[in-house]
Amino acid sequence: MIINFDNPFLAVSAFILIPLGILIFSRLKDPFVAAIPLGAPGGVPFKTSQIKGIVRLLVFLEITGIFMLFFSAASPSLKISEMVYLNRGADIMFVFDISPSMAALDMDGKNRYDTGRKLITEFAHKRPSDSIGLVAFGEDAVLLLPPTSDRQALELRLEQLRLGELGDVTAIGMGIAVAAYHLDKSNAKRKIAVIITDGENNAGAIHPETAADMLREMGISFWVIAVGSAGEVPIDYTDPFTKIRHTGIFDSRYDTESLRRLTAAGAGTFIYAPSAETFAAAFSQLDDAEVTIQRTRIINRLHPVSFQFLAAAVFLLVITRFVRRKILGAML
């Protein structure tokens, strides 16, 4: 961020005229002496270091205000460089399982759900030219966010999401179908659907392999990340409706082979992520495989700040004059 001046002569002249004025003024009068008569009239005045310090500060503020007047007259602008993307990236739809089993604590002490939210957010920030969308599924599936480049909207929607708010079962086919429907409407050249789940399809009117076949026919790249370890794992889950907290041991067993068949139906890529490390590695593999060519250009924008300089100058000059006249009074 750089300050530019439409009339740089005025800005430069401030460094000549103001010091020259100070020099001339100092020859005529010492502005740093505060004379306070004590005793009989005509007594000898004395200098006080406390008053001298206040006067020095006031003079400094006045000089600063005068500088700002010159700068304001020189029409300053802030030059801000912005990166503009010249081509549209991929549309990536994350299909996120929010059934209660995602509360299992087998991701280095964190649950699968929170780890997934964090990885989605980090992935989105690494790919600024891509549009990221979000579908959540449990007993049903809903579009939470259409593909967008607004990363704040994505983070807010992920933050608002609650485990179990779509029921206790898993409608994988419905989640994929919702993603396929909205990606099909996109005019992006590259479209990607990424499903993150730790379970088997046990709800919904659409079979997962049927939905995956839809993705293949639409030319949508398909990824399946099977998250979570097998066996007994601790779980900590609060029901969003009853507010009852459930803790204990969860028997985490799901058929990864059914997810592999699902992946094959969509001609996609299957990744098994039983730990936090492999879960993060899955996103790295996705990032490396789905490369988007980014064409960018730097644009410099000028934002005038003359008013801000003028307002600061007026404030400093008024406040110093007020202190001199109303507070210090006859001591100056």
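Q: Which residues of H5 are buried?
A: In this predicted model, the buried residues of H5 are Ile 172, Gly 173, Met 174, Gly 175, Ile 176, Ala 177, Val 178, Ala 179, Ala 180 and Leu 183. Buried requires a relative accessible area under 20%.

Q: Why is H5 called largely enclosed by the rest of the structure?
A: Ten of its 13 residues are buried, so the label holds.

Q: What makes the span of H5 close to the expected value?
A: H5 covers residues 172–184, and its first and last C-alpha atoms are 18 Å apart. At 1.5 Å a residue, 18 Å is expected. The expected span takes one less than the number of residues. The two values are close.

Q: Why is Asp 108 called exposed?
A: The cut-off is over 50%. Asp 108 has 71% relative accessibility, so it counts as exposed. Asp 108 sits in the loop between E3 and helix H3 (112–126).

Q: What makes the phi of Asp 108 worth a remark?
A: Phi is near 55 degrees. That is a positive value, and the residue is not glycine.

Q: How do you know whether Lys 243 is buried or exposed?
A: Compare its relative accessible area, 62%, with the cut-off of over 50% for exposed. Lys 243 is therefore exposed. Its loop joins strand E8 (231–238) and strand E9 (245–252). Lys 243 has a positive phi too, near 65 degrees.

Q: Why are E5 and E10 called edge strands?
A: The open sheet has six strands in the order E5-E4-E3-E6-E7-E10, with mixed pairing. Strands E5 (141–148) and E10 (269–273) each pair on one side only.

Q: How do you know that E3 and E4 pair?
A: Pairing needs at least two bridges. Seven bridges join E3 (residues 91–97) to E4 (residues 131–137). The pair therefore meets the definition. These strands run parallel.

Q: What makes Phe 94 stand out in the largest nonpolar core?
A: That core has 38 residues, and Phe 94 is among those with the most contacts inside it. Leaving out residues up to four places away in sequence, Phe 94 touches residues including Ile 120, Phe 123, Leu 134, Val 194, Ile 196, Phe 283 and Leu 286. Contact here means heavy atoms within 4.5 Å.

Note on methods:
Residues are numbered from 1 along each chain as its sequence is written. This is a predicted model: local features need pLDDT of at least 70, side-chain atom pairs count only at pLDDT 80 or more; totals for chains, interfaces and linings use all residues. Side-chain values use heavy atoms; hydrogens and water are left out. A nonpolar core is a set of buried Ala, Val, Leu, Ile, Met, Phe, Trp, Tyr and Cys residues joined through side-chain atoms within 4.5 Å. Buried means under 20% relative accessible area, exposed over 50%, partly exposed in between (1.4 Å probe, protein chains only). Helices (H or I, at least four residues) and strands (E, at least two) are DSSP runs, numbered from the N terminus.
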